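Visitor: I am new to this structure and would be grateful for a guided account of it. May we proceed by question and answer?

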Amino acid sequence: GAMDGEQGPLDGERGAMDGEQGAMDGEQGAMDQAGELELGQMSGSIGLKHGAVLDSSDCHTFLEIASRTNELVVPGVTHLSSNTKPKTPAPPQRQGNSSKASSMVPGRGSLAAPGPGGQGRTDRKVDRAKRGIIAPKASGGPRARTFLLCGKNAAPIVEQHLTSKGWRKLEGSRSLSFTLQWVECKQHIDFRSFREGQQIVNHFPNINLLTTKNGLLESLTEYDKKTESSEQRSINMREFVPVTYRLYVPSEKEEFSRSFAEGDIWICKPTGLNQGKGIYLVRDLKDLEAKEESSHSVQRVIQKYIKSPLLIDGRKFDIRVYMLIIAGSPFLVFYHTGYVRLSLVPYDLASTEMCVHLTNQYQQKKHPLYKEVKEDTVWGFERLQSYLSGHHGLPDDWVMNILTKRMQQIMQVCFQSIASKLTHKIGFFDLLGFDFMLDSSFNVWLIEVNINPAMHTNCETLKNMIPHIVEETLDLAIEVFDKCCSSLPVLPLISLHEFILLDS
């Protein structure tokens with residue numbers, strides 16, 4: 001009824017559009033004579049500029065031009081649509097939805113072309129819906145893409161970035177009509193109602209294969225056995241994962257008890273928690289038994305403690321870097337540099353204070369001196385390199401070359417260990433935090449993988465880093481989504497700036 005109500009104004013516009021047909025035909029002839037056109041020339045021919053808003057007719061014209069250059073990537077151009085008919089003849093009839101001259105241009109926005117002449121608006125709307133393209137409102141105005149936030153982690157950054165691009169925030173936390181959902185806890189995503197090709201969510205349903213202590217251990221152990229005699233294997237997990245046992249598996253608990261020696265120190269961790277919660281050190285078996293009785297319902301792993309960590313000014317530290325996984329064709333895996341997290345207090349192996357042994361910000365904030373010295377608890381990679389060069393004589397590119405390549409190698413092994421099992425649907429993506437440690441011999445050890453890495457900006461180093469990571473994560477996820485929905489080649493990526501592509 002609403003669409004029929006619009007027919008009068010539409011018919012009224014028909015004369016004006018027909019009046020422009022001669023000019024358009026003249027322009028078309030000039031374009032045909034030009035042959036292969038550069039993207040800048042195409043843009044100029046219809047007055048296209050970065051951030052331009054095009055009606056359906058201009059979109060149609062642009063796609064006609066672009067089809068002769070095989071170049072459909074236009075950053076910053078958004079089709080906000082109208083319900084007008086095209087001013088130029090319709091393109092050749094497509095076969096299904098597989099045409100490369102698709103109706104969406106990836107990048108910062110989406111560029112939707114009108115359907116072939118003679119088709120009703122309802123048919124075009126259904127066609128767009130099948131391919132996950134947001135249709136215009138019946139009123140003729142734009143229907144902005146929508147996003148839903150659940151939780152506080154990175155929420156202000158996500159909201160500012162998406163609203164700046166014209167997205168509309170949905171209120172509440174249970175709406176299913178969103179285009180993109182960003183949650184803090186994976187449980188807030190209703191994966192059963194997820195509409196592939198129409199929605200984007202920031203977690204995979206079974207990413208726990210990598211982000212729980214037992215999931216990571218089991219995935220790497222299985223992959224290690226599978227690739228033991230294969231050229232596919234680049235590194236043995238024992239080279240980067242300290243010896244670990246699952247205490248909830250009787251045979252492994254017995255093996256741990258037999259291997260325990262006087263003077264050993266182990267670190268016991270709940271399998272599904274982060275931020276250092278529930279972690280304690282084990283220096284004798286009786287101590288372990290007493291603590292297990294008080295938390296018998298929690299599954300735990302126990303790991304050999306790295307007793308000789310590399311120190312910075314006498315303090316323990318670890319390294320946080322990022323992996324972004326996007327469901328594409330089939331997956332795209334990216335690396336992003338991170339930062340160094342230092343303890344507030346000098347390292348003392350005999351200390352029972354967990355802020356001595358655990359360097360994450362959640363633990364360090366508990367220390368009474370944190371507010372005074374918080375800027376010194378987070379370092380960038382440049383400062384780490386300067387320290388290592390000055391105190392250990394390492395090459396000036398050791399951090400960005402040797403260390404980074406080793407971490408990337410380990411991260412790729414981690415992803416390969418779950419690649420065949422990870423649920424794949426267009427619209428899934430995940431930003432993970434990988435935590436590494438260096439020992440006194442400069443060996444690199446993987447400590448854990450976090451599904452919900454903290455995106456706080458409570459110090460200058462993080463203020464200069466975290467917003468860019470979140471923003472580029474969103475841009476890449478949306479660009480890959482748009483291209484996959486439009487059957488366009490995913491690479492190259494316009495939004496790729498600071499992330500590094502590891503696997504595709």
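**A guided reading**

Visitor: How many disulfides does a search of the whole structure find?

Guide: A disulfide is a pair of cysteine sulfur atoms within 2.5 Å. By that criterion, the number found in a search of the whole structure is zero. Cysteine 150, for one, is in no disulfide, and the nearest cysteine sulfur, belonging to cysteine 185, lies at 9.6 Å.

Visitor: On what basis are such values given?

Guide: The model is predicted, so local features need pLDDT of at least 70 and side-chain atom pairs count only at pLDDT 80 or more, while totals for chains, interfaces and linings use all residues. Residues are numbered from 1 along each chain as its sequence is written, and side-chain values use heavy atoms, with hydrogens and water left out.

Visitor: Is cysteine 150 buried or exposed?

Guide: Buried means under 20% relative accessible area, exposed means over 50%, and partly exposed lies in between, with a 1.4 Å probe and protein chains only. Cysteine 414, with a relative accessible area of 0%, is buried. Cysteine 150 has a relative accessible area of 5% and is therefore buried.

Visitor: How many helices and strands does the secondary structure of the protein come to?

Guide: Helices (H or I, at least four residues) and strands (E, at least two) are DSSP runs, numbered from the N terminus. Of the 504 residues in the protein, 52% are buried. The secondary structure comes to 18 helices and 17 strands.

Visitor: Which elements do the buried residues of α9 pack against?

Guide: Helix α9 covers residues 213-226 and has 14 residues. Its buried residues include Leu216, Leu217, Leu220 and Tyr223. Those that the buried residues of α9 pack against are α8 (208-211), β7 (244-246), β8 (266-270), β10 (300-304), α16 (398-416) and β16 (444-450).

Visitor: What covers the buried residues of α15?

Guide: In α15, the buried residues are Phe381, Leu384, Gln385, Tyr387, Leu388 and Ser389. Just after this helix, glycine 393 takes a positive phi of about 70 degrees. The cover of the buried residues of α15 includes β11 (311-312), β12 (315-327), β13 (331-342), β14 (378-379) and α16.

Visitor: At what angle do helix α7 and helix α18 pack?

Guide: Two packed helices are described by the angle between their axes and the distance between the axes. Axes are lines fitted to C-alpha atoms, for helices over the stretch in contact, and angles run from 0 to 180 degrees between N-to-C directions. For α7 (residues 155-164) and α18 (residues 466-485), the axes are 10 Å apart and the angle is about 55 degrees.

Visitor: What is the orientation of α7 and α18 to each other?

Guide: Angles under 35 degrees count as roughly parallel, over 145 as roughly antiparallel, 65 to 115 as roughly perpendicular and the rest as oblique. The contact (heavy atoms within 4.5 Å) involves residues including Ile157 and Leu162 of α7 and Val470 and Leu474 of α18. The two helices α7 and α18 are therefore oblique.

Visitor: Where is the proline of the cis peptide bond from serine 329 to proline 330 found?

Guide: The bond from serine 329 to proline 330 is cis, with omega near -5 degrees. Proline 330 is found in the loop between β12 and β13.

Visitor: Which residue does a cis peptide bond join to leucine 491?

Guide: Omega for this bond is about 0 degrees. The residue in question has its place in the loop between α18 and β17 (500-503). Leucine 491 is joined to proline 492.

Visitor: What is the relative accessibility of phenylalanine 442?

Guide: Phenylalanine 442 has its place in the loop between β15 (429-438) and β16. Although not a glycine, phenylalanine 442 has a positive phi of about 70 degrees. It counts as partly exposed, with a relative accessibility of 24%.

Visitor: Which residues is alanine 454 in contact with, leaving aside its neighbours within four places in sequence?

Guide: Alanine 454 has its place in the loop between β16 and α17 (460-463). At 28% relative accessibility, alanine 454 counts as partly exposed. With those neighbours left aside, its contacts are Asn153, Arg320, Tyr322 and Tyr339.

Conventions
The expected span of a helix is 1.5 Å times one less than its number of residues.
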